[in-house]
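Please read it alongside the sequence and the coordinates.

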Amino acid sequence: MDHFEYRDGVMHAEDVPLTRIAEQFGTPCYVYSKATLARHFRAYTEALGGHPHLICYAVKANSNLAVLGLLARLGAGFDIVSLGELERVLVAGGDPAKVVFSGVAKQPAEMARALEVGIKCFNVESRPELERLDAVAGRLGKIAPVSLRVNPDVDAGTHPYISTGLKDNKFGIPVSEALEVYELAARLPNVRVAGLDCHIGSQLTELSPFLDALDRLLALLAQLRERGIEIDHLDLGGGLGVPYHTERPPAPFDYASALLERLSRWEGNERLTLLFEPGRSIAANAGILLTRVEFLKPGETKNFAIVDAGMNDLIRPALYQAWQAILPVDTRQPRDTASYDVVGPVCETGDFLGKQRELAIAPDDLLAVRSAGAYGFVMASNYNSRPRPAEVMVDGAAAHLVRRRERLEDLWAGEALLPDDEGGSR
Ligand code: LLP
């Protein structure tokens, strides 16, 4: 459920017509619904009920300060993968004690800052990373809480680019080596074993891979117990899918209930805090990309609807052949329906937002690309020297600009001419 609905033929974000947002802030423009973000976050906390838990929103999905600030106020923790994400969380008022740090290439300076602010846990992805963390913590006189990210070798059944829990992927420590690395962690003087972690992929639409991964983690946990290594939390990562098209992924409630049921057979489970790192399932359907039709271009084999948003603004269709719904914003005027490839202004054939879409549209019409709240703006680039779009957060009847549209001079801020060129052209 989200809060993007037609009222009297015009799509609204909560109580604000998208036509008004386009007038006020221009296009292309990302529009988020505060109520939808809050609702999706609460679906997790309610599903987990009384079991000790922490929902660490995956910042990478949408790192706008307004999104982070809202989730922080709702009690969220955060899953970060860089110093930039950590600083965003802090600026947005997030609690460092609820931050977990994932990623395969954490640098010493990133580790040091995370230790300084006192994060909850480092999700360590390799033995050399563990050794580096121990050395950094030792230099600072700190003890680093660690969780090993184990690669359970289960097939998440998702797009190969976003599947992360297979032997072939660069992520995590193979489950067969995990025991050895835990034993090393238990011996190292400046780290403390705090948890066990996995993340098997993104946009999962079935429960079984999650349950398989949990079984493998629990088997490992039994071996750790035998060796006297106890953990406080189990982090099951993110990955729950969303309905983009015809997918029917389990709701957070069903997902959490199935995991809790499996876990309930485990002795001492009530003392094990469950962590989740959802990104997409919180943010994707809480946002749309608003774009305007520039031209309709009939072709010999197909028709093109050329719009003002391109692959630089929303790369998912081009990069993963992802399908996202594209809907006209204002359906009040009668229009002829035709099939269009909806394409952007970027000089690449791969620059499309959708293919073969039946649309009743005319030039200047507004379109909403749905499910764009996650992995949308965060993956935008300045390719073709296109300023990145504005971001707007709707809250009831109010629309707040939460990131201004980039200006042309932002494009070259930080660049420099060669000294020879400064006097003019020669
Ligand atoms: N935790 C870790 C360690 C991750 O690597 C990810 C996503 C998440 C949590 C959040 O997963 P989610 O709940 O959002 O599925 N750009 C791609 C998605 C890449 C996901 C990368 N890792 C896309 O647009 O589909």
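**Notes on the predicted model**

1. Helix α2 buries Lys-34, Thr-36, Leu-37, His-40, Phe-41, Ala-43, Tyr-44, Ala-47 and Leu-48. A residue is termed buried when 20 or more other C-beta atoms lie within 10 Å of its own, exposed when there are 12 or fewer, and partly exposed in between, with C-beta atoms placed from the backbone. Helices (DSSP H or I, at least four residues) and strands (E, at least two) are DSSP runs numbered from the N terminus.

2. The model is a predicted one: local features require pLDDT of at least 70, side-chain atom pairs count only at pLDDT 80 or more, and totals for chains, interfaces and linings use all residues. Residue numbers start from 1 along each chain as its sequence is written.

3. Confidence is expressed as pLDDT, the predictor's confidence in each residue, from 0 to 100. The protein averages 95, and 96% of the residues score at least 70. For the complex, the predictor gives an ipTM of 0.99 and a pTM of 0.96.

4. The expected span is 1.5 Å times one less than the number of residues in the helix. Gly-49 follows α2 and has a positive phi, near 50°.

5. Lys-34 lies in α2 and counts as buried because it has 21 C-beta neighbours inside 10 Å. Not counting residues up to four places away in sequence, Lys-34 touches Leu-70, Met-393, Val-394 and Asp-395; contact requires C-beta atoms, placed from the backbone, within 7 Å. Lys-34 and Leu-289 are 255 residues apart in sequence and 15 Å apart in space, C-alpha to C-alpha.

6. Helix α7 (residues 175-187) has 13 residues and reaches 19 Å between its first and last C-alpha, close to the 18 Å expected. Which of its residues are buried? They are Val-175, Ala-178, Tyr-182 and Ala-185. These cover an arc of only 60° around the axis, which puts them on the same side of α7; the arc is that of the directions from the helix axis to the C-beta atoms. The cover over the buried residues of α7 includes α6 (127-140), β9 (144-151), β10 (173-174), β11 (191-197) and α8 (208-226). On the face turned away from the buried side of α7 are the exposed residues Ser-176, Glu-180 and Arg-187.

7. Around the ligand there are 21 residues, of which Ser-202, Gly-238, Gly-279, Arg-280 and Tyr-375 come nearest. The elements giving two or more residues to this shell are α10 (280-283) and α11 (316-320).

8. Some backbone geometry deserves a check. Most residues other than glycine have a negative phi, and most peptide bonds are trans. The peptide bond from Thr-27 to Pro-28 is cis, with omega near -10°, and Pro-28 sits in the loop between α1 (18-25) and β4 (29-33). Asp-153 has a positive phi, near 55°, and is found in the loop between β9 and β10. Asn-384 also has a positive phi, near 65°, and belongs to the loop between β19 (366-369) and β20 (390-395). Asn-384 counts as partly exposed because 14 other C-beta atoms lie within 10 Å.

Notes. Contact = placed C-beta atoms within 7 Å. Near = placed C-beta within 6 Å.
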